[in-house]
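Q: I should like to learn how to read the features of a structural model. Please take them one at a time, giving the general idea and then the case at hand.

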Amino acid sequence: MEHKRLKLYAYLDARDHQRTYLAIMRLFTSTLLADLSAGEVAGALAGQEREGRVEAGESRIENVINRLKQLVEWGNLVQGRREVVAASIAEFQHGSVRYQVSKLAVRVQRDVDELLRVPEGAREVSRELLPAIERGLNELGGSLSVALLNEGDKTKELLAERVTTLFLQHAELAATVRDFYAYLGQVVTRNHLAPDEIAGFRNLLVEYIQRVVEDVLKYTPPIAEALARLTRARSELLRLLSTDLGASVERARGRTPEDWQELTDWFVDRPGRPSQVTALREATARAIGSLLASVKRATSGGGLLPGRRAELLKLASWFDNSTREQAHEIYAAAFGLYSARHLSPAPEHDSDNERTPWRDGPVCDVTVSVRTRGDRGARGRPSRILDDPMTEQSLLAEAREADEIRARHVAELTKAAGNLENTTLTHGALEVFCELLTLAMAQRDSPQDSGSASDPVRGLKLEIAHGTTTQIKSAAGTLTLHDATVALKQ
């Protein structure tokens, strides 16, 4: 049963035609007792197709029939038939088969539309419902006494009205509390918060949450007393609210003992089962503790370095506004991740080669932690990392200076690209040239092959191919390349 009901959500994450499925379900849930044929659905989708809200061709009748059949298979729609006057067999087939939305599918689509409208920020807690719940419980006690003395239709209707209103108010209050604390838990547990965020959350915790908790604690005792008084007459209350609708009918809230127990558990503690009021108070304490920890991390001299959220957002904006080639350059410059090349000489022969089976090869020592627990982490407590701004700034200055020197050398090679053999390179430019040459030659399997390498940041490209002897002059001497032709390109 659960698997069958979960298939009702399949159209929301369908691999193809997701927007079409969503548009069809919105069409069926937009009116009461929707009874539509494939032709009527196709006509409604035609307008959305012209507006670009569904893909082109999705309003064609054959495509609409396939989408409707798929929704029927998932359980979102049910089929029916109706007598129609048709001029052809095709028109009869398209018009006689009618589709209606199932009850559970209506709830799914309603929750989806509500979710899409929810903003990202915090949800205000409906504190004003607490005194309304207290008044509702007191008035319900009086209405119950009147109904027990005179079991008329009007007294029962008034009693049902008060019960329904009470549970609707409590459902709204509980939903706003859950949403608010879910948002709060999402933000206060982040490792790094900006100073303006810390100030905003501080006001939120100190002022707003304090008012929420104070109101909940203020109204919880009288609400608990009113619930305790109704407990003794709960069976009579449920008897007066009972209706002969069958066991398969979903009743309104407040018509079963489980509903009243859930309402009581929200405000009153039980042995081994704390109430939601207690959980709210504990969640508030944890949120304040998390905020204080974030403030301590951001203001103390020790511990982790301050967050780099602003810098990461700036880097993300660069990526968003760059072309494909520029994005590769930014990626290489920001993270220093270049193509892997093995430039060191081959290791000495260690009596093992590719023809030796692994069982006959040398034995590797395996540590105890890996052998017993599969844990390859280093043992021992890590040393404390201190924030040293002076060292950090000096390292940044050295990095900037090295980058400027490399930029000058690359610019010198770029200038000499057209007349490389007749140009005398400086020592630094020759180092950059040899670096690119080594990367390019690593791509060659034989002297007849060609290879290329480029500076990922500044775009200078070196190409090497089989050819005549090439001589590169520099202040340190002349580099001679036999059977090789080298070219530099920007």
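A: Let us begin with helix length: the expected span of a helix is 1.5 Å times one less than its number of residues. Helices (H or I, at least four residues) and strands (E, at least two) are DSSP runs, numbered from the N terminus. The model is predicted, with local features requiring pLDDT of at least 70 and side-chain atom pairs pLDDT 80 or more, while totals for chains, interfaces and linings use all residues. Residues are numbered from 1 along each chain as its sequence is written, and side-chain values use heavy atoms, leaving out hydrogens and water.

Q: What span should helix α16 have, and how far apart are its end C-alpha atoms?
A: Helix α16 (residues 389-415) has 27 residues, so at 1.5 Å a residue it should span 39 Å; the end C-alpha atoms are 39 Å apart, in agreement.

Q: Which residues touch the most other members of the largest nonpolar core?
A: In soluble globular proteins, nonpolar side chains tend to be buried together. A nonpolar core is a set of buried Ala, Val, Leu, Ile, Met, Phe, Trp, Tyr and Cys residues joined through side-chain atoms within 4.5 Å. The largest one here has 45 residues, and Leu137, Tyr181, Trp260 and Phe267 touch the most other members. Elements giving two or more residues to this core include α7 (129-149), α8 (153-188) and α12 (276-299). Helix α8 provides the largest share, 14 residues. Apart from this core lies another, of 28 residues, with Ile24 and Val41 among them.

Q: How many aromatic pairs are there?
A: A pair of aromatic rings is described by the distance of the centres and the angle of the planes. Rings of Phe, Tyr and Trp (its six-membered ring) pair if their centres lie within 6.5 Å; planes under 30 degrees apart count as stacked, over 60 as edge-to-face and the rest as tilted. The count by this rule is 4. Tyrosine 21 and tryptophan 74 are edge-to-face because their ring centres are 5.2 Å apart and their planes lie at 70°.

Key
Buried means under 20% relative accessible area, exposed over 50%, partly exposed in between (1.4 Å probe, protein chains only).
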